[in-house]
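Please read the following report alongside the sequence and the structure shown below. It describes how two chains are built and how they meet.

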Amino acid sequence: MLSTPALVLAIILFGLGLIGLLSRRNILYMLLSLEIMLNAAALAFIAGGARWGQVDGEIMFLFILTLAAAEVSVALGIVLQLSHRFRTLDADAFCEMRG
Amino acid sequence: MEILFYIAAAVTVLATLRVITHVHAVHALLYLVVALIALSLIFYLFGAQFAAALEIIIYGGAIMVLFIFVVMLLGPLAVEQERTWFSLSAWVGPSILALVLLGEVGYLIASGDHPTMAVAEPRQKAISIALYGPYIIGVELASMLLLPGLIGAYHLGRRLSSEARSC
């Protein structure tokens, strides 16, 4: 019944997260945008699982949650390191690897 | 039921818009917490109570607290920022959005058409059986992901403190 609006909402949230990731140069906001995109993917999985009456959607949500927790703990450690070394949070300043 | 979904969806999109357009990190985090709680309400409306509880506990609780701790660690002028962080205007927007969500939850409790524990219990059982049955390899992979995450976070944080002590 509500699966199509939920998928539209997931697309909107994912697009907002992508816009934030591409437009912001502060590395902390880029991490926040990544969280928004992960949440949009989780919403799509939950809506799909509810549509078909299966539990697989919620299990995928558990895995997404695990991934987000591991990613955030490591990424915030990197943010602290970078801010300590470069004295800035500008993502363009971290160009030592010539990427 | 449908109107609740649309209100919660509107709250989520508005709060997310404020997250990606706000220049102040703590205000953006407040809006992100509201967005996560609204998303949790949507999960509940889809009958995924376990996912809704985990969304609030782990996302809204643990991960957002990590972000807030890091923002506090990054702030060089604690006293000046303290004055601006606890201004009234920072709390008005998230409070209004959270009040909308509170009204929705109150309506859900008062109307009584929420799924009861008798419906929820077999679903949790099915989730547990599927998690440790066909998805056991995923659980193992998640544990193999979490352990390097723990060691990596410890390593990065430890080198920061030792360098800070040396200089």
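Helices (H or I, at least four residues) and strands (E, at least two) are taken here as DSSP runs, numbered from the N terminus. This is a predicted model, in which local features need a pLDDT of at least 70 and side-chain atom pairs count only at pLDDT 80 or more, while totals for chains, interfaces and linings use all residues. Residues are numbered from 1 along each chain as its sequence is written, chains are lettered from A and ligands numbered from 1 in the order in which they are written, and side-chain values use heavy atoms, with hydrogens and water left out.

**Chain B and the helices**

Chain B has seven helices and zero strands, so that, with helices and strands defined as above, its elements run α-α-α-α-α-α-α from the N terminus on. Of its 167 residues, 37% count as buried, where buried means under 20% relative accessible area, exposed over 50%, and partly exposed in between (1.4 Å probe, protein chains only). Among the contacts in chain B with a separation of 6 or more, 69% are accounted for by residues 24 or more positions apart; a contact here means heavy atoms within 4.5 Å.

The table sets out two helices, one from each chain, with the span from the first C-alpha to the last beside the expected span, which is 1.5 Å times one less than the number of residues.

| Helix | Residues | Length | Span | Expected span |
|---|---|---|---|---|
| α2(B) | 25-45 | 21 residues | 30 Å | 30 Å |
| α3(A) | 56-86 | 31 residues | 44 Å | 45 Å |

In both rows the span is close to the expected value. Helix α2(B) is mostly covered, with 18 of its 21 residues buried, and just after this helix G47(B) takes a positive phi of about 85°. Helix α3(A), for its part, is followed by R87(A), whose phi is also positive, near 60°.

**Where the chains meet**

The size of an interface is often given as the accessible area lost when the parts come together. Between chain B and chain A the buried area, meaning the accessible area (1.4 Å probe) that two parts lose on being put together, summed over both, is about 4900 Å², of which carbon and sulfur atoms give 80%. Within the part that chain B buries against chain A, I20(B), F46(B) and F67(B) supply 14%, more than any other three residues. Counted by contacts, 55 residues of chain B touch 50 residues of chain A.

Across this interface there are seven residue pairs in polar contact, both residues being at pLDDT 80 or more; a polar contact is a pair of N or O atoms within 3.5 Å, where within protein one must be able to donate a hydrogen and the other to accept it, and residues adjacent in sequence count only if both atoms are side-chain atoms. On the side of chain B that touches chain A, the elements that give two or more residues are α1 (2-21), α2, α3 (49-74), α6 (117-131) and α7 (136-166) of chain B, and the largest share, 13 residues, comes from α3(B). The residues of this side divide into 43 nonpolar, seven polar and five charged, with Ala, Val, Leu, Ile, Met, Phe, Trp, Tyr, Cys and Pro counted as nonpolar, Asp, Glu, Lys and Arg as charged, and the others, Gly among them, as polar.

Side chains of opposite charge can pair when their charged atoms come close. A salt bridge is a side-chain nitrogen of Lys or Arg within 4 Å of a carboxyl oxygen of Asp or Glu, and by this rule the count over all chains comes to one. In that salt bridge the side chains of E58(A) and R123(B) meet at 2.6 Å, N to O. E58(A) lies in helix α3 of chain A and R123(B) in helix α6 of chain B, so the pair joins two chains. E58(A) counts as buried, at 4% relative accessibility.

N39(A) has its place in helix α2 (residues 27-52) of chain A and is buried, with a relative accessible area of 3%. Leaving aside its neighbours within four places in sequence, N39(A) is in contact with L36(B), L39(B), E55(B) and Y59(B).

T12(B), found in helix α1 of chain B, counts as buried at 1% relative accessibility. With neighbours within four places in sequence left aside, T12(B) is in contact with L13(A), A35(B), A38(B), L39(B) and I42(B).

L21(A), in helix α1 (residues 3-23) of chain A, counts as partly exposed at 21% relative accessibility.
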